[in-house]
Amino acid sequence: MRTDGLVRLPEADDPARLYEALRQDYGPVAPVLLHGDLPAWLVLGYRENLDAMRTPSLYSRDPRKWSAFQEGRVPADSPLMPMVAWQPLCVFADGDEHARLRGAVVDGLAQFNRHGMRRYVTRYTHQLVQQFAASGTADLVRDYAEQLPMLVVSRLIGMAPDEGPALVEPTLDLMRGSETAAASNQTVTEVLHDLVQRKKAAPGNDLVSRLISHESNLGDTEIVEHLRLVLVAAHSNTVNLIAHTLRLLLTDRRFRGSLSGGQMTLPDALEQVMWDSPGTAVIPGRWATGDTVLGGQHIKAGDMLLLGIAAANVDPEIRPDLSLPMHGNRSHLALSAGPHECPGGDIGRAIADTGVDELMALLPDMRLAVPEHEVGTTSDWLARRPSALPVVFTPTRSMTTGAAQATGAAQPLPEAAVSPPDKPSSTPPAARPWWRSLLSRR
């Protein structure tokens with residue numbers, strides 16, 4: 001593969017523009033460079049991404065097939081390592097081994113029901129809003145979107161309430177491909193290893209305990225690595241989904257109007273966001289098992305392919321007019337497809353759906369504290385989202401008492417998220433639907 005004059009993905013300031021420029025220059029599959037000037041193929045086309053996702057015989061998930069690894073060109077401290085170094089994970093396996101490992105994860109996640117999930121999200125939303133309600137101002141990215149998914153997912157995994165918040169920053173960092181990604185990855189791994197040992201002695205109704213007892217007979221390392229996978233994927237993708245949705249509600253009058261006017265439900269809105277701003281823009285990767293052709297490019301055995309989710313979702317061949325809504329259409333690639341499709345997609349949807357709904361109900365007059373054009377963007381080679389969403393609203397000093405009662409802050413959370421479904425939540429409904437407040441601001 002030629003490497004002269006190629007784009008280095010981590011240096012891209014405007015990924016959307018870059019993807020379209022690459023599409024114009026190379027077609028649906030384009031050569032790019034990664035950290036350390038390592039070559040890879042970025043798959044831009046929707047159909048080409050589906051081909052790579054659905055054909056493991058040609059495009060394996062096992063990174064040990066990568067020629068750069070085999071030739072010793074990837075240093076141990078490379079920022080790529082947390083994402084592409086082989087681990088005993090279902091995402092790095094094919095065939096029977098993939099089925100064994102994935103089966104344990106799917107069964108472990110299946111024990112959580114949507115109703116129970118909503119109770120967790122509602123409680124933690126109240127808890128987070130309680131921390132800034134009296135001030136009348138907040139950054140919805142830092143104070144809410146980055147916090148809520150970790151609070152919920154860490155409890156489902158089996159962590160104590162005070163353990164989840166400490167993992168927010170290292171979990172986000174290891175996805176950025178930063179110079180500290182390897183250290184952050186080690187921090188998360190050590191916390192999860194300790195958790196597994198504790199759950200062996202005192203199991204509960206959580207994902208750790210289910211993986212330990214599963215008939216797939218996972219080893220300790222396999223359990224830790226799959227917990228890390230679930231934690232990182234569920235957290236980072238849901239943070240981005242919540243942040244993108246809140247940005248649209250605060251800045252896009254047409255989007256807001258479709259919701260408040262009933263042309264679009266909040267679940268529909270989440271699918272639209274996953275079309276236009278998927279939680280993960282690029283997935284590394286697939287590795288060619290032999291010489292082949294994809295999108296007109298000659299792929300060599302051992303080449304790395306990057307699945308360009310964000311680019312594929314706006315492929316002109318399937319979306320010639322991006323202004324047309326995709327309400328209710330789940331054929332986007334935000335959750336991948338084929339044998340490695342994300343098994344926790346409904347968990348992320350439940351957290352985002354309830355989290356956005358509850359937040360808007362608690363703070364119905366919330367509005368941006370800065371002009372729309374000043375909303376910045378955080379972007380790296382894997383994802384893109386608002387860097388901050390500063391808002392103002394009417395201070396609510398009575399929130400502290402009400403939230404404490406609603407969340408049972410001094411008491412442990414019930415096992416509400418575990419099937420069979422529990423009794424309806426005692427949390428009182430919002431006095432006024434949040435979407436009515438949007439009508440007054442149109």
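This is a predicted model: local features need pLDDT of at least 70, side-chain atom pairs count only at pLDDT 80 or more; totals for chains, interfaces and linings use all residues.
Helix α12 spans residues 220–251 and helix α13 covers residues 253–260. Their axes come within 6 Å and cross at roughly 95 degrees, so α12 and α13 are roughly perpendicular to each other. On the α12 side, the contact is made by L248, L249, L250 and T251, and these meet R253, F255, R256 and L259 of α13. Sorted by class, that contact has five nonpolar residues, one polar residue and two charged ones.

How much of α13 is covered? Mostly covered is the answer, with six of its eight residues buried. The buried ones are F255, R256, G257, S258, L259 and S260. F255, R256 and L259 also turn up in the contact with α12. After α13 comes G262, which has a positive phi, near 90 degrees.

Now for the strands. As a reminder, strands of a sheet pair through backbone hydrogen bonds, either parallel or antiparallel. Strand β8, residues 304–308, is mostly covered, and five of its five residues are buried. Cover comes on both faces: M304, L306 and G308 are buried on one side, and L305 and L307 are buried on the other.

Two of the pairings here involve β8. Strand β2 (residues 38–43) runs parallel to β8 and is joined to it by three bridges. Strand β5 (residues 282–288) pairs with β8 in the antiparallel sense, over five bridges.

**A three-stranded open sheet**

Elsewhere there is an open sheet of three strands, in the order β4-β12-β9, with antiparallel pairing. Which strands stand at the edges? They are β4 (137–139) and β9 (367–368); each has a single partner strand, so one side of each is left without a neighbour in the sheet. β4 and β12 (residues 390–392) run antiparallel and are joined by three bridges. Within that pairing, A138 has V391 of β12 as its bridge partner.

Here are the strand pairs side by side:

| Pair | Sense | Bridges |
|---|---|---|
| β2 and β8 | parallel | three bridges |
| β5 and β8 | antiparallel | five bridges |
| β4 and β12 | antiparallel | three bridges |

**An aromatic pair**

A pair of aromatic rings is described by the distance of the centres and the angle of the planes. The structure holds two aromatic pairs. One of them is W66 with F69: the ring centres are 5.1 Å apart and the planes stand at 80 degrees, so the pair is edge-to-face. Are the two residues buried or partly exposed? W66 is buried, with a relative accessible area of 1%, whereas F69 has 24% relative accessibility and counts as partly exposed.

**The whole chain**

Zooming out, the protein has 18 helices and 12 strands. Of its 442 residues, 55% are buried. If you take the contacts with a separation of 6 or more, 74% of them are between residues 24 or more positions apart.

Terms used: Residues are numbered from 1 along each chain as its sequence is written. Side-chain values use heavy atoms; hydrogens and water are left out. Axes are lines fitted to C-alpha atoms, for helices over the stretch in contact, and angles run from 0 to 180 degrees between N-to-C directions. Helices (H or I, at least four residues) and strands (E, at least two) are DSSP runs, numbered from the N terminus. Angles under 35 degrees count as roughly parallel, over 145 as roughly antiparallel, 65 to 115 as roughly perpendicular and the rest as oblique. Contact means heavy atoms within 4.5 Å. Ala, Val, Leu, Ile, Met, Phe, Trp, Tyr, Cys and Pro count as nonpolar, Asp, Glu, Lys and Arg as charged, and the others, Gly among them, as polar. Two strands pair if DSSP finds at least two bridges between them. Buried means under 20% relative accessible area, exposed over 50%, partly exposed in between (1.4 Å probe, protein chains only). Rings of Phe, Tyr and Trp (its six-membered ring) pair if their centres lie within 6.5 Å; planes under 30 degrees apart count as stacked, over 60 as edge-to-face and the rest as tilted.
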